[in-house]
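Please consult the sequence and the coordinates alongside the text.

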Amino acid sequence: MTIPQYHLCHLNIGPANAPLSAPEMSGFVENLERINELAYSSPGFVWHLKIDINNPADLALYGVPGLLFNLSVWESVEALKEYTYKGAHAQMMQRRREWFGSMNTPNYVLWWIPAGSLPTLEEAKLRLAHRETYGPSLVGFDFKHPFEPGYITLGTVGSTNHDGSALSPASQG
């Protein structure tokens with residue numbers, strides 16, 4: 001078995017349609033623990049930033065009132081995609097408009113980190129902003145434009161990967 005050199009980070013955000021204590025958010029709140037537990041037991045899951053949704057300080061960590069977020073690490077794009085778009089999580093996603101408003105900017109970003117390290121929320125926010133400004137790159141990409149594993153720090157954004165190879169989207173497949 002090969003030990004992976006990189007893991008995939010995932011940040012997604014969404015503006016809640018109402019405070020979490022509101023009746024219209026009950027379907028989301030009541031299923032959150034079950035869906036998180038499903039992630040924790042999914043193949044390829046590595047880590048999740050756990051927050052207490054009943055703690056206003058935790059909910060304010062992103063810095064935008066009413067904006068909920070999720071930060072996680074996975075072994076691969078395929079593992080995250082499998083969890084996201086199949087099974088119980090996919091069923092919840094079909095209901096997302098009940099709980100979250102639409103956004104005019106990207107609501108998620110993916111990027112690679114060295115295996116064994118963890119992302120910070122601040123780094124995740126910067127990578128999402130980079131994706132919004134510049135489009136998909138090794139700094140931050142999406143499911144439609146995946147990049148091969150590699151790591152680039154926010155301070156070294158350029159036209160080459162850490163090993164000098166050209167930055168280019170991974171082949172679709």
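The model is predicted, and every value is computed from it.

**Helices α1 and α4**
- The axes of helix α1 (residues 26-40) and helix α4 (residues 87-94) approach within 10 Å, with a crossing angle of roughly 155°.
- Since angles over 145 degrees count as roughly antiparallel, α1 and α4 are therefore roughly antiparallel to each other.
- The crossing of α1 and α4 is left-handed.
- On the α1 side, the contact involves Gly27, Phe28, Asn31, Arg34, Ile35 and Leu38, while α4 contributes Ala88, His89 and Met92.
- Sorted by class, this contact of α1 with α4 comprises five nonpolar, three polar and one charged residues.

**Helix α6**
- Helix α6 (residues 121-134) has 14 residues, which at 1.5 Å a residue should span 20 Å; the end C-alpha atoms of α6 are 20 Å apart, in agreement.
- Leu121, Glu123, Ala124, Arg127, Leu128, His130 and Arg131 are the buried residues of α6.
- These buried residues pack against strands β1 (6-15), β3 (67-74) and β4 (108-114).
- Gly135 follows α6 and has a positive phi, near 85°.

**Val77**
- Val77 lies in helix α3 (residues 77-85).
- Val77 counts as buried because its relative accessibility is 8%, and buried means under 20%.
- Beyond residues up to four places away in sequence, Val77 touches Leu8, Trp112, Phe141 and Phe143.
- Val77 and Cys9 are separated by 68 residues in sequence, with a C-alpha to C-alpha distance of 9.1 Å.

How values were computed:
Residues numbered from 1 in each chain as written. Predicted model: local features only at pLDDT ≥ 70, side-chain atom pairs only at ≥ 80, totals over all residues. Heavy atoms only, no water. Axes fitted to C-alpha atoms, helices over the stretch in contact; angles between N-to-C directions. Helix = DSSP H or I, 4+ residues; strand = E, 2+ residues; numbered from the N terminus. Parallel < 35°, antiparallel > 145°, perpendicular 65-115°, else oblique. Left-handed = near helix turned anticlockwise from the far one by under 90°. Contact = heavy atoms within 4.5 Å. Nonpolar A, V, L, I, M, F, W, Y, C, P; charged D, E, K, R; others polar. Expected span 1.5 Å × (residues − 1). Buried < 20%, exposed > 50% of the residue type's maximum accessible area, 1.4 Å probe, protein only.
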